[in-house]
Amino acid sequence: MVKGLFITFEGPEGAGKTSVIQKLAAELTEQEYPILLTREPGGIAIAEQIRHVILDCDNTEMDARTEALLYAAARRQHLVERVIPALKENKIVLCDRFIDSSLAYQGYARGIGVEDVLSINEFATEKMLPSLTIYFDIEPEAGLKRIAANNNREINRLDQEKLDFHYKVKEGYDLVKEKYGERIRVVDASMDFESVCNQAREVLISYFSKHGF
């Protein structure tokens, strides 16, 4: 029986969610919350190998459906090997990206179809969804400027897409927010780092207290 909390962080490129989730995970662990920090694609050995294939800047010929299937495969392995066992141990799993990314990026921005990508992922996850998602909202130009200014950030194949693609990603996320509004909380990621951290922290602490953590 799953007992813990499965919480995901979502957002377009350059939204800062990875930096925020790492900072908050460290803080909450110090405060003795039972935190497990992980990411998608990745988090375990097999999924990290798939991540390398997906995000490799040399793989420019990758078909959109191949990309979607690889994400779903990595997601399945990560879920059964890392996330579900942690939830059974009553841990709070903080995950950098999950199914919403596939719906926005592959389903909408790649033009495969949100419902088709949802179907692929429902098969992979057995229809499992997060209990809470924090969405980091930022305009595409601002996010890409952050990426360009950050010399320490991993540059991947998605970063090299044209601005139009990133606008479509944001539109895709807007559709996702409408579809799953009951579990998605939005933070303004255009603000300075500490302000964004404060917004996300407030959402998390409030949610923890409502669920007995």
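The structure is a predicted model, in which local features require pLDDT of at least 70 and side-chain atom pairs count only at pLDDT 80 or more, while totals for chains, interfaces and linings use all residues. Residues are numbered from 1 along each chain as its sequence is written, and side-chain values use heavy atoms, with hydrogens and water left out.

The chain contains eight helices and five strands (DSSP runs numbered from the N terminus, with helices being H or I of at least four residues and strands E of at least two). Read from the N terminus, the order of elements is β-α-β-α-α-β-α-α-β-α-α-β-α. The radius of gyration (taken over C-alpha atoms) is 16 Å, close to the 17 Å that the globule rule (2.2 Å times the number of residues to the power 0.38) gives for 213 residues, so the chain is as compact as a globular protein of that length. The C-alpha trace spans about 45 × 40 × 30 Å along its principal axes. Of the 213 residues, 47% are buried (under 20% relative accessible area, with a 1.4 Å probe and protein chains only). Among contacts (heavy atoms within 4.5 Å) with a separation of 6 or more, 80% join residues 24 or more positions apart.

Helix H2 (residues 45-55) and helix H3 (residues 64-88) cross at roughly 160°, and their axes come within 9 Å (axes are lines fitted to C-alpha atoms, for helices over the stretch in contact, and angles run from 0 to 180 degrees between N-to-C directions). The two helices are therefore roughly antiparallel (over 145 degrees). The crossing of H2 with H3 is left-handed (the near helix is turned anticlockwise from the far one by less than a right angle). On H2, Ile46, Ala47, Ile50, Val53, Ile54 and Leu55 meet Glu67, Leu70, Tyr71, Ala73, Ala74, Gln77 and His78 of H3. These residues comprise 10 nonpolar, two polar and one charged (Ala, Val, Leu, Ile, Met, Phe, Trp, Tyr, Cys and Pro count as nonpolar, Asp, Glu, Lys and Arg as charged, and the others, Gly among them, as polar).

Helix H4 (residues 99-109) packs against helix H7 (residues 163-179) at an angle of about 125°, with the axes 8 Å apart. H4 passes H7 in a right-handed crossing (clockwise). H4 contributes Asp100, Ser101, Leu103, Ala104, Tyr105, Tyr108 and Ala109 to the contact, and H7 contributes Phe165, Lys168, Val169, Glu171, Gly172, Tyr173, Leu175 and Val176. Here the division is 10 nonpolar, two polar and three charged residues.

Notes. Parallel < 35°, antiparallel > 145°, perpendicular 65-115°, else oblique. Buried < 20%, exposed > 50% of the residue type's maximum accessible area, 1.4 Å probe, protein only.
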